[in-house]
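Let's walk through this protein together, one part after another. Keep the sequence and the 3D view side by side as you read.

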Amino acid sequence: MPWRNEILKQHSDRKADDLWRDLRSIESSPDRTIDVDGKSLLNFCSNNYLSLASHPELITAAQAATQKYGASTTASHLIAGHTEIHQRLEETIAHFVGAEKAVLFSTGYMANLAVPTTFLGRHDLLVEDRLNHASIIDAAKMSDAKLRRYHHCNAAAAGKILAKTESENTAQRKMLVTDGVFSMDGDLAPLDALHQICKDHNAVLVVDDAHGFGLVGPSGRGSLSSFDLAPNGNTMMLGTLSKAVGSFGAFVAGDAVYIDTLIQHARPFIYTTALPASVAAASLAAIGLFKSEAWRREKLNDNIQQFRKLANAAGITTTDSTTPIQPIIVGDSAAALEISAQLKEQGIMAIAIRPPTVPVDQARIRITLMTNHTADDIEQLVTALAGALAP
Ligand SMILES: Cc1ncc(COP(=O)(O)O)c(C=O)c1O
């Protein structure tokens with residue numbers, strides 16, 4: 001079987017390049033500490049930013065919904081899977097982010113596949129930031145639209161692409177998709193400029209706010225809200241419920257005309273089972289806590305400030321990120337793996353992120369901070385990082 005040998009060769013090449021990935025079994029909830037390989041480690045690698053994943057209100061809501069609706073919906077939304085909890089969650093999200101309507105998806109990955117593939121075909125143009133999440137890149141492949149990517153966060157470059165297709169009259173529909181907060185860098189897209197450019201060139205703007213929803217902007221309404229914008233008109237917003245929300249699933253919010261189109265035509269929405277009602281109930285509880293426990297965002301922001309201050313005082317180079325995603329760029333994959341292993345020995349879980357998730361020569365330790373980290377935890381992290389980074 002020659003192809004089997006080919007695959008084995010790919011495996012050995014990947015290992016030789018320090019790019020092989022291993023699964024590890026986690027033995028606890030993703031809280032401030034996490035149990036792995038029989039050890040309790042300080043957890044600096046979950047997206048549980050507001051420490052809501054094991055909040056008693058989410059657990060109680062999920063338990064009550066399981067009692068009432070069972071463990072699974074066993075049907076897609078359009079058949080018999082859309083419970084009144086899903087309906088309430090969609091309405092709550094729409095209201096919270098200032099959109100006319102929202103629709104749930106089972107994952108952010110699927111929501112990202114859904115938007116370009118539903119609206120664009122082979123005569124259309126999809127414009128993307130170079131550092132967009134993999135799911136948005138995959139959506140481009142599936143949509144048949146012409147893909148053009150612009151240099152990271154360079155709104156002027158995005159504008160030039162749109163202007164060129166306009167003058168050449170080479171695209172019918174135009175869509176620009178960007179992460180709101182970039183998942184591996186933690187920086188924010190220049191949404192004010194991108195919004196204006198899209199308006200000027202009659203393009204739809206889609207913001208994937210997987211890492212902004214619940215954190216950024218007034219009350220955590222998302223990256224658009226931090227620029228005084230909302231998912232309306234020709235702007236749509238996508239959010240995940242598995243990160244700051246501490247639950248699972250995703251949504252797209254925007255004007256009803258767009259959301260109704262997704263409900264009618266988006267294959268990743270139509271041809272899959274609706275999320276369990278327990279998961280939707282946990283998400284609803286979490287969005288309630290965004291308001292009633294607003295201190296969680298404040299505490300998280302204090303933790304971010306503390307980390308950056310201590311890291312810089314220890315001579316550790318940080319980026320400009322002001323979000324809980326604080327990458328420490330190492331460059332070489334082997335070096336990043338070695339640093340992650342040293343941190344583990346010091347009782348800290350922080351994972352090496354390597355290509356193709358990040359560009360070649362930009363391997364990094366992706367530190368993520370959360371509300372429940374204490375000042376001591378962060379000090380311990382910085383001390384261990386300084387030791388591991390020392391030449
Ligand atoms: C920017 C971004 N978009 C989308 C996703 C996918 O979301 P989900 O995990 O819900 O599939 C992720 C990460 O998981 C992400 O970082």
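The paragraphs below go from the domains to the sheets, the helices and the ligand.

A word on reading the model: residues are numbered from 1 along each chain as its sequence is written. The model is predicted, with local features needing pLDDT of at least 70 and side-chain atom pairs counting only at pLDDT 80 or more, while totals for chains, interfaces and linings use all residues.

Start with the overall division. The domain assignment gives domain 1 (25-54 + 294-389) and domain 2 (56-291); such bounds come from an automatic or database domain assignment. The C-alpha centres of domain 1 and domain 2 are 26 Å apart. Where the two meet, 20 residues of domain 1 are in contact with 20 residues of domain 2, contact meaning that the C-beta atoms, placed from the backbone, lie within 7 Å. On the domain 1 side, strand S10 (residues 325-331) gives the most, with 3 residues. Helices (H or I, at least four residues) and strands (E, at least two) are DSSP runs, numbered from the N terminus. That side of domain 1 divides into 9 nonpolar, 8 polar and 3 charged residues. Here Ala, Val, Leu, Ile, Met, Phe, Trp, Tyr, Cys and Pro count as nonpolar, Asp, Glu, Lys and Arg as charged, and the others, Gly among them, as polar.

S10 also belongs to a sheet. This open sheet has 3 strands in the order S10-S13-S12, with antiparallel pairing; two strands pair if DSSP finds at least two bridges between them. S10 and strand S12 (352-353) stand at the edges with a single partner strand each, so one side of each has no neighbour in the sheet. Between S10 and strand S13 (residues 363-368) there are 6 bridges, and Ile325 stands opposite Thr368 in S13. Helix H14 (residues 333-345) lies across S10, S12 and S13, at about 35° to S13. For such angles, axes are lines fitted to C-alpha atoms, for helices over the stretch in contact, and values run from 0 to 180 degrees between N-to-C directions.

Now find the open sheet of 7 strands, which has mixed pairing and the order S3-S9-S8-S7-S6-S4-S5. Which strands stand at its edges? They are strand S3 (101-105) and strand S5 (146-150), each with a single partner strand, so one side of each is left without a neighbour in the sheet. Neighbouring strands of this sheet are turned by 20° against each other on average, direction ignored. Strand S8 (residues 235-240) and strand S9 (residues 250-254) run antiparallel and are joined by 4 bridges; Leu238 stands opposite Val252 in S9. Helix H4 (residues 84-97) lies across S3, S8 and S9, running at about 130° to S3. Helix H8 (residues 191-200) packs on the sheet too, touching strand S6 (174-179), strand S7 (204-208) and S8.

Next, look at a pair of helices. The axes of H5 and helix H6 (residues 134-143) come within 8 Å and cross at roughly 40°. Residues of this contact include Gly108 and Tyr109 of H5, and Ser135 and Ile136 of H6. The contact divides into 8 nonpolar, 5 polar and 1 charged residues.

Finally, turn to the ligand. Helix H5 (residues 108-119) supplies the largest share of the shell around the ligand, 3 residues. Of the 14 residues around the ligand, Thr107, Gly108, His133, Ser183 and Ala210 come nearest, where a residue is near a molecule if its C-beta atom, placed from the backbone, lies within 6 Å of it. The shell divides into 3 nonpolar, 9 polar and 2 charged residues.
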